[in-house]
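The entries below record what I looked up, one topic at a time.

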Amino acid sequence: ESFFDCFNRYADEILLKQLLTDESLIPYKRDIEQIIDLKKDKLHYTRIFLSNQTEVLIDKDVVCEKALKKGMQIDPDYLEELKAESDYIRAKSRAVWYMDRNDHTEKALYDKLVRAGFNPKACAKVVARFVEVGLLDDNRYAENYAERLIEANVSKREAVQKMLLKGVPYDLAKSVLEETETDELSQIKNVIEKKYKNNWCIIWS
């Protein structure tokens, strides 16, 4: 073995030893954490305690599905995946609860979920999924709501404003209302009759 071969082999050994002992050269090593403990928390959550003295709430079904347990090592990317999946499951569960009670527009459901404290990305994912399977349909909502407004003798101008407040896009609201037949004279008559129902001086001919 020549001097240079011996030198190179020795240098490689020194470098390898340094790589194995110097965490600054392998930053990912410091990011890997260990699950210290798991405890049941709120209704659908499990609180996970990590070796870096942090805690995270994960949906209990995710914990079960991924077989998370004490002593298990977990890296940051996988932890973020678990949190995202947990956020999606909880947001979806709440969205189903909302939809079971009233129909919503895409915007209305998204805003409601965000106000309830759910992760915006999870909320957007839930809305997209509901649209995909037909649970959310802005066109259907707009048509049904427009019919109720017209039956209640609400003017088209006011109806547009009410539909906007429900999250119906302006162009869709205007289009749906234009397709709905209304009798403006009957609307005016009904409004006046309600306002002056005890005034027998109002005579229509």
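**Entry 1: the chain as a whole**

I looked up burial: 26% of the 205 residues of the chain count as buried, where buried means under 20% relative accessible area, exposed over 50% and partly exposed in between, with a 1.4 Å probe and protein chains only. The model is predicted, so local features need pLDDT of at least 70 and side-chain atom pairs count only at pLDDT 80 or more, while totals for chains, interfaces and linings use all residues. Residues are numbered from 1 along each chain as its sequence is written, and side-chain values use heavy atoms, with hydrogens and water left out.

I then took down the secondary structure, which comes to ten helices and four strands. Helices (H or I, at least four residues) and strands (E, at least two) are DSSP runs numbered from the N terminus. Read from the N terminus on, the elements run α-α-β-β-β-α-β-α-α-α-α-α-α-α.

**Entry 2: cysteines**

How many disulfides are there? I noted zero disulfides, a disulfide being a pair of cysteine sulfur atoms within 2.5 Å. Cysteine 64 is exposed, because its relative accessible area is 63%. Cysteine 123 has 0% relative accessibility and therefore counts as buried.

**Entry 3: aromatic rings**

I searched the whole structure for aromatic pairs and got two. One of them is tyrosine 141 with tyrosine 145: the ring centres are 5.8 Å apart and the planes stand at 45 degrees, so this pair is tilted. The rule is that rings of Phe, Tyr and Trp (its six-membered ring) pair if their centres lie within 6.5 Å; planes under 30 degrees apart count as stacked, over 60 as edge-to-face and the rest as tilted.

Both tyrosine 141 and tyrosine 145 belong to helix H7 (residues 138–151), where they are four residues apart, about one turn of the helix. Are tyrosine 141 and tyrosine 145 buried or exposed? I have both down as buried.

**Entry 4: charges over rings**

I looked for lysines over tyrosine rings. A charge sits over a ring if NZ of Lys or CZ of Arg is within 6 Å of the ring centre and within 35 degrees of the ring normal. Lysine 112 has its charged end over the ring of tyrosine 98, 4.6 Å from the centre of that ring. Lysine 125 lies over the face of tyrosine 88, and its distance from the ring centre is 4.6 Å.

Most residues other than glycine have a negative phi.

Glutamine 53 sits in the loop between strand E2 (45–50) and strand E3 (55–59). With a relative accessible area of 76%, glutamine 53 is exposed. Threonine 54 is also placed in the loop between E2 and E3, and at 36% relative accessibility threonine 54 counts as partly exposed. From threonine 54 to glutamate 33 I have 9.9 Å in space, C-alpha to C-alpha, and 21 residues in sequence.

Where is alanine 67? Alanine 67 is in the loop between helix H3 (60–65) and strand E4 (73–74). Its relative accessibility is 49%, so alanine 67 counts as partly exposed. Glycine 71 lies in the loop between H3 and E4 and is partly exposed, with a relative accessible area of 37%.

I finished with helix pairs. Axes are lines fitted to C-alpha atoms, for helices over the stretch in contact, and angles run from 0 to 180 degrees between N-to-C directions.

The axes of helix H5 (residues 106–115) and helix H6 (residues 120–133) come within 9 Å and cross at roughly 150 degrees. That angle makes H5 roughly antiparallel to H6; under 35 degrees counts as roughly parallel, over 145 as roughly antiparallel, 65 to 115 as roughly perpendicular and the rest as oblique. H5 and H6 cross in a right-handed way. A crossing is right-handed if the near helix is turned clockwise from the far one by less than a right angle, and left-handed if anticlockwise.

For H7 and H8 I noted an angle of about 140 degrees, with the axes 10 Å apart. H7 is therefore oblique to H8, and H7 passes H8 in a right-handed crossing.

Helix H8 (residues 156–165) and helix H9 (residues 170–179) have axes that come within 9 Å and cross at roughly 140 degrees. This makes H8 oblique to H9, and their crossing is right-handed.
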